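Look at the model shown here.

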Number of protein chains: 2
Amino acid sequence: MRLRNLTGIPEVAAGTDIAALIADAACAQGVVPGDVLAIAHKIVSKAEGRVVRLADVVPGEAARRLSQETGKRPETCELILAESRRIVRRRRGTLICETHHGFVCANAAIDLSNTPDGTAVLLPRDPDASARRIQAAVSAAVGGRVGVIITDTHGRAFRRGIVNIAVGVAGMEPIVDHRGSTDREGRILTATEQALADELAAASGVLMPKDGGTPVVVISGVATEPGPGGADRLVRAAEHDLFRG
Amino acid sequence: MRLRNLTGIPEVAAGTDIAALIADAACAQGVVPGDVLAIAHKIVSKAEGRVVRLADVVPGEAARRLSQETGKRPETCELILAESRRIVRRRRGTLICETHHGFVCANAAIDLSNTPDGTAVLLPRDPDASARRIQAAVSAAVGGRVGVIITDTHGRAFRRGIVNIAVGVAGMEPIVDHRGSTDREGRILTATEQALADELAAASGVLMPKDGGTPVVVISGVATEPGPGGADRLVRAAEHDLFRG
């Protein structure tokens, strides 16, 4: 398996046709069918206009209260509340939220770093749909199916440090189901669903330094199953989750 | 970044000098200083004699009670309790435990699949020490520092599917600390500790099919900081953890 950066991706602005941009670069840089592209969500969010000037945000009453409790700006709190289904945990300045997509992460995945000053970058409204659009464009350009994973860096329960995870997936099965296959002793494996899209997202994170300069990683030499994708399939339903509370 | 399997690793038994075995294979297969070796814990555990015949386990009173509550074998419950600091969550047959190492995972990381019939494989007693032994042997053999990550596949809170994570690290910093560095707009990044060892472990998981046949992955072309390692540094302390409860 080999990972490399797709180079020459310019800064994008709202309205940039990011699918065409990535498809052109992929074609020019030897992406072939079977490859998987991991794409930092931030360029997708920017292209989709999911950048908010904090000065334009009008905090409501709930945001003002949350601001007093957390020490965060009221405008930031307003965005966090708007992006959240609910707040899962809070302690001092830390807010762990469940986004409307179902992701459980700090500050509803709102990013205030490496964005134009005074702005916040939100997740795409529907990262799976974004992934599908890019996947269709790149697959058409290179003449065969590629996988596309849109990534974000999230913290984890129990473990320190952030890792890159999949927030949107298209063109491949995000989970490899080993249930029913056998181990080397010939016994049936149980409870073995491998989160392949998250493992590939994590791998791509190594090549996405946090300064944001290399937002697209090409992964070659990995076998993926064709499928519609869907990072929503990586979200554990609340009723099966022992920690969402 | 490139990942490949180290081939020709035979089945190991208790007492196998796994450090010498991997060092020889690494030398023969072109591992060079700067590479990182990801090693499935199971071969390390087997070499260290951390394989238990369930028939030899005498369940105590607590294990018998847990067996009745969960439907698991009393012998398995005895092992789970022995490997655990405490049980963090339980629901029907699911036990999420905190191991003596501090890892929060199902069944205290005890593995009953892909092991000789009627046996269980436990984590190494001190996976960081195991990693250090292997790291020293491989580094001496190839003439310079390599990184070593011992891996296991764990489930996660909030997300479906298992991913490979680091349970032992040597010869490299497991966490890259971006705090104090600047983003592309020149602002200081905060709260950005990247769990590099976990991202590399996840990447290696793609090349470790669950049948256990390819337990060592060589990762080339990744910049790591020299350091003593320690997967214990990837464990979030209970007092900073919002979900351990």
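Start in strand 12 of chain B, where the bridge partner of B:R2 is B:S220. This is a predicted model: local features need pLDDT of at least 70, side-chain atom pairs count only at pLDDT 80 or more, and totals for chains, interfaces and linings use all residues. Residues are numbered from 1 along each chain as its sequence is written, while chains are lettered from A and ligands numbered from 1 in the order in which they are written.

Strand 1 (residues 2-5) of chain B pairs with strand 12 of chain B in the antiparallel sense, over 4 bridges. Strands are DSSP runs of E with at least two residues, helices are runs of H or I with at least four, and both are numbered from the N terminus. Two strands pair if DSSP finds at least two bridges between them. Strand 2 (residues 36-40) of chain B also runs antiparallel to strand 12 of chain B, joined by 4 bridges. Here B:I39 has B:V216 as its bridge partner. Strand 12 (residues 216-220) of chain B is mostly covered, with 4 of its 5 residues buried. Buried means that 20 or more other C-beta atoms lie within 10 Å of the residue's own, with C-beta atoms placed from the backbone.

Now turn to helix 4 (residues 74-83) of chain B. It is largely enclosed by the rest of the structure, because 7 of its 10 residues are buried. They are B:E75, B:T76, B:C77, B:E78, B:L79, B:I80 and B:E83. These residues pack against several elements of chain B, including helix 3 (61-70) and strand 4 (84-91).

How do the two chains relate? Chain A can be laid on chain B with an RMSD of 0.0 Å, by a turn of 180° and a shift of 0.0 Å along the axis. The two copies are thus related as by a two-fold rotation axis. The superposition is by least squares on the C-alpha atoms of residues with pLDDT of at least 70 in both copies.

At the interface, 53 residues of chain A are in contact with 53 residues of chain B. Contact means C-beta atoms, placed from the backbone, within 7 Å. Helix 6 of chain A gives the most to the side of chain A that touches chain B, with 7 residues. 100% of the interface residues of chain A are also interface residues in chain B, so the copies meet through the same surface.

Key: A residue is buried if 20 or more other C-beta atoms lie within 10 Å of its own, exposed if 12 or fewer, and partly exposed in between; C-beta atoms are placed from the backbone. Two residues are in contact if their C-beta atoms, placed from the backbone, lie within 7 Å.
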